[in-house]
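I opened my notebook for a friendly walk through one more model. Here is what I looked up, entry by entry.

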Amino acid sequence: MTFADAAAIVAVAAACAILAGALGLAVGRLVRRRSIRWQLALVAVVPVAGASLGATAIARLMFISAHDLLVMSVVTSVAAVGAIGIALIVAAAIARWSEEVRAQVRVFDATTPEQAGGGTPGTAELRSLADELDRTRDRLRQAHARERRLEEARRELVSWVSHDLRTPLAGIRAMTEALEDDLTTDPGRYHRQIRAEVDRMSGMVDDLFELARIQAGVLVIAPEPVLLADLVSEAIAAITPVAEARGVRVEGAVDEGLEVSADPAGIARVLDNLLANAVRHTRTGGAVEVHGRLAGGHVEIAVSDGCGGLPPDDIARVFDVAWQAAPARTPDGQARGGGLGLAIVKGIVEAHDGHVTVENRPRDVGCRFLVTLPG
């Protein structure tokens with residue numbers, strides 16, 4: 001075969017392939033919105049048609065006998081029918097698998113039971129899509145649960161604010177009316193009580209403002225190297241008068257020279273809230289302990305109290321907004337907290353890329369709050 005003959009064969013075959021491909025693209029555009037069966041059938045028809053058309057054209061140019069041309073036409077036709085049949089079978093299977101995935105999407109909801117994507121038949125891509133749908137459903141379910149808990153917390157917070165602000169306001173109003181009507185023999189005591197109630201409400205407002213910043217994601221921290229022992233000693237000194245008045249000991253120990261890169265005011269707030277919570281719930285004669293150490297490249301701050309332990313349900317909710325311990329766990333009828341302190345602790349710690357947990361100490365002695373911060 002000369003070079004000219006080979007070039008002519010290539011040219012004819014290429015022209016026939018281009019013609020068949022162009023026709024296939026035109027038909028594909030017409031059926032692009034139809035079932036995938038048509039697309040796969042077209043993929044099978046176009047190459048077979050191009051090969052058959054090219055072979056026929058070249059056979060006529062080479063003056064092949066009618067018998068040989070008929071044989072070649074029968075062979076290519078049978079091959080075309082087989083290819084189209086296989087394409088239709090595969091297309092039907094893919095369409096069925098796609099319908100199963102579409103059924104999953106149709107019932108896709110955060111409340112629907114989880115379905116294992118690995119059980120979905122079909123190609124690796126369809127199985128991967130089904131698996132991703134299951135994972136997305138699980139994330140939606142978790143988000144739905146978080147949203148429900150937040151909504152419950154908001155309702156509890158509104159109820160708490162309306163109750164705990166109404167009570168001191170009513171007391172202040174009664175005392176001011178008594179002072180105005182000159183019905184008290186000890187005005188100084190009423191003045192001191194009014195001042196105490198105002199301070200208490202001011203603390204509530206500060207907590208609400210801090211919590212609002214945390215929940216809005218606008219809490220700004222300014223990390224700097226600080227000696228943990230200094231923060232712990234200051235927090236202990238601040239809470240000691242309250243603890244002594246309630247007959248509670250406060251003890252602390254921090255690894256010598258331990259530094260933490262954190263916002264001093266934020267970590268001080270964390271320590272103050274944890275110690276105040278611990279002292280409030282520790283029985284008279286009990287002890288509150290604070291320990292700081294470096295463990296596994298992280299700084300750990302542990303605050304242990306003598307509250308007698310918490311039920312599992314309370315442990316799961318202890319950092320929720322407006323959560324309060326049962327009255328029986330607040331000894332001697334002391335005033336209970338507003339339920340924001342531990343939520344603020346969690347928000348500040350997480351803003352430092354840390355985490356805080358709580359667990360019961362052995363033998364129901366009390367609880368242990370563990371704050372872990374980056375080293």
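Is Asp-353 buried or exposed? I looked up its relative accessibility: at 68%, Asp-353 counts as exposed. My terms here are buried for under 20% relative accessible area, exposed for over 50%, and partly exposed in between, using a 1.4 Å probe and protein chains only.

**Ground rules.** I am reading a predicted model, in which local features need pLDDT of at least 70 and side-chain atom pairs count only at pLDDT 80 or more, while totals for chains, interfaces and linings use all residues. Residues are numbered from 1 along each chain as its sequence is written, and side-chain values use heavy atoms, with hydrogens and water left out.

**Overview.** I found nine helices and seven strands in the protein chain. Helices (H or I, at least four residues) and strands (E, at least two) are DSSP runs, numbered from the N terminus. The protein chain has 375 residues, of which 34% count as buried. I then looked at contacts, meaning heavy atoms within 4.5 Å. Among those between residues at least 6 apart in sequence, 68% join residues at least 24 apart.

**Positive phi.** Back to Asp-353, which sits in the loop between α9 and β6 (355-360). Its phi is near 65°, a positive value in a residue other than glycine. I noted Asp-182 as well, with phi near 55°, again positive and again not glycine. Asp-182 belongs to the loop between α4 (124-180) and α5 (187-216), and its 60% relative accessibility makes it exposed.

**Aromatic rings.** How many aromatic pairs does a search of the whole structure find? I got one. The ring centres of Phe-319 and Phe-369 are 6.0 Å apart and the planes stand at 85°, so this pair is edge-to-face. For the record, rings of Phe, Tyr and Trp (its six-membered ring) pair if their centres lie within 6.5 Å; planes under 30 degrees apart are stacked, over 60 edge-to-face, and the rest tilted. The pair links distant parts of the chain, 50 residues apart: Phe-319 is in the loop between α8 (312-317) and α9 (341-351), and Phe-369 is in strand β7 (residues 367-374). Both Phe-319 and Phe-369 are buried.

**Cores.** Phe-369 turned up again when I looked for nonpolar cores. Such a core is a set of buried Ala, Val, Leu, Ile, Met, Phe, Trp, Tyr and Cys residues joined through side-chain atoms within 4.5 Å. The largest has 46 residues, and those with the most contacts inside it are Val-250, Leu-274, Leu-275, Val-288, Ile-301, Phe-369 and Val-371. A second, separate core has six residues, including Met-175, Tyr-190, Ile-194 and Met-201. I also checked what Leu-274 touches: leaving out residues up to four places away in sequence, I listed Val-303, Leu-342, Val-345, Phe-369 and Val-371.

**Helices α6 and α7.** At what angle do helix α6 (residues 228-245) and α7 pack? I read about 35°, with the axes 9 Å apart. Axes are lines fitted to C-alpha atoms, for helices over the stretch in contact, and angles run from 0 to 180 degrees between N-to-C directions. From α6, the contact takes in Leu-231, Val-232, Ala-235, Ile-236, Ile-239, Val-242 and Ala-243. From α7, I noted Pro-264, Ile-267, Leu-271, Asp-272, Leu-275, Ala-276 and Val-279.

**Thr-282.** I followed the chain into the loop between α7 (264-281) and β4 (287-295), where Thr-282 is placed. Thr-282 counts as buried, at 1% relative accessibility. Its side chain reaches the backbone oxygen of Ala-278 at 2.6 Å.

- Gln-215 is in helix α5 and is exposed at 53% relative accessibility. Its C-alpha is separated by 10.0 Å from that of Ala-343, 128 residues apart along the chain.
- Leu-19 is in helix α1 (residues 3-30) and is partly exposed at 45% relative accessibility.
- Ala-59 is in helix α2 (residues 36-61) and is buried at 3% relative accessibility. Ala-59 and Met-72 are 13 residues apart in sequence, and their C-alpha atoms are 9.2 Å apart.

Notes. A polar contact is a pair of N or O atoms within 3.5 Å; within protein, one must be able to donate a hydrogen and the other to accept it, and residues adjacent in sequence count only if both atoms are side-chain atoms.
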